[in-house]
Amino acid sequence: MEITIPTQVFRPFAEKRLKYVKGELTYYENKISKAVNEYEQELKVYEASNWLKKLFKSKPEHPSKGFLTPYDSWQLSKSSMEIQADYVSQVLSTLDHSDEITLTKEDISYFNVLISIEHIKEA
């Protein structure tokens, strides 16, 4: 099923989706930077400690070291959000050059489009 609607009706939904995706992207960037900062602080404390303490204390590991760490999932989610932000930005830029847009079922669910019957033109 495809429907055609005016771009001015669709634009707010695309802008709302872009705002959401950018918020998620910021969230994952903050999580990643927080993990790296914590690691760097632990490493500074370790490096500044006495050599005798170093014998009994293990050196901190980078958050990405290991198998399937939370850091890895944050990196994957961040890259996925970057791809989605790029996609939605491209959709918004194409809206400037057209009067109507044809949406599929997947587009309607992705952008969470709620429209009234008067805006729909069957494709």
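**Close-up views of a predicted model**

The structure is a predicted model, in which local features need pLDDT of at least 70 and side-chain atom pairs count only at pLDDT 80 or more, while totals for chains, interfaces and linings use all residues. Residues are numbered from 1 along each chain as its sequence is written, and side-chain values use heavy atoms, with hydrogens and water left out.

**View 1. Arg 11 forms a salt bridge with Asp 96.** The closest N and O atoms of Arg 11 and Asp 96 are 2.8 Å apart, where a salt bridge requires a side-chain nitrogen of Lys or Arg within 4 Å of a carboxyl oxygen of Asp or Glu. The pair links distant parts of the chain, with Arg 11 in helix H1 and Asp 96 in the loop between H3 and E2, 85 residues apart; helices (H or I, at least four residues) and strands (E, at least two) are DSSP runs numbered from the N terminus. Asp 96 is exposed, with a relative accessible area of 54%.

**View 2. Phe 10 and Phe 111 form an edge-to-face aromatic pair.** Their ring centres lie 5.0 Å apart with 80° between the planes, and the rule pairs rings of Phe, Tyr and Trp (its six-membered ring) whose centres lie within 6.5 Å, calling planes under 30 degrees apart stacked, over 60 edge-to-face and the rest tilted. Phe 10 lies in helix H1 (residues 7–48) and Phe 111 in helix H4 (residues 105–111), so the pair ties together parts that are 101 residues apart in sequence. Both Phe 10 and Phe 111 are buried, and together with Tyr 87 and Tyr 110 they form one aromatic cluster.

**View 3. Lys 54 meets both Glu 47 and the ring of Tyr 46.** The salt bridge from Lys 54 to Glu 47 has its closest N and O atoms 4.0 Å apart. The charged end of Lys 54 also sits over the ring of Tyr 46, 5.6 Å from its centre, under a rule that asks for NZ of Lys or CZ of Arg within 6 Å of the ring centre and within 35 degrees of the ring normal.

How values were computed:
Buried < 20%, exposed > 50% of the residue type's maximum accessible area, 1.4 Å probe, protein only.
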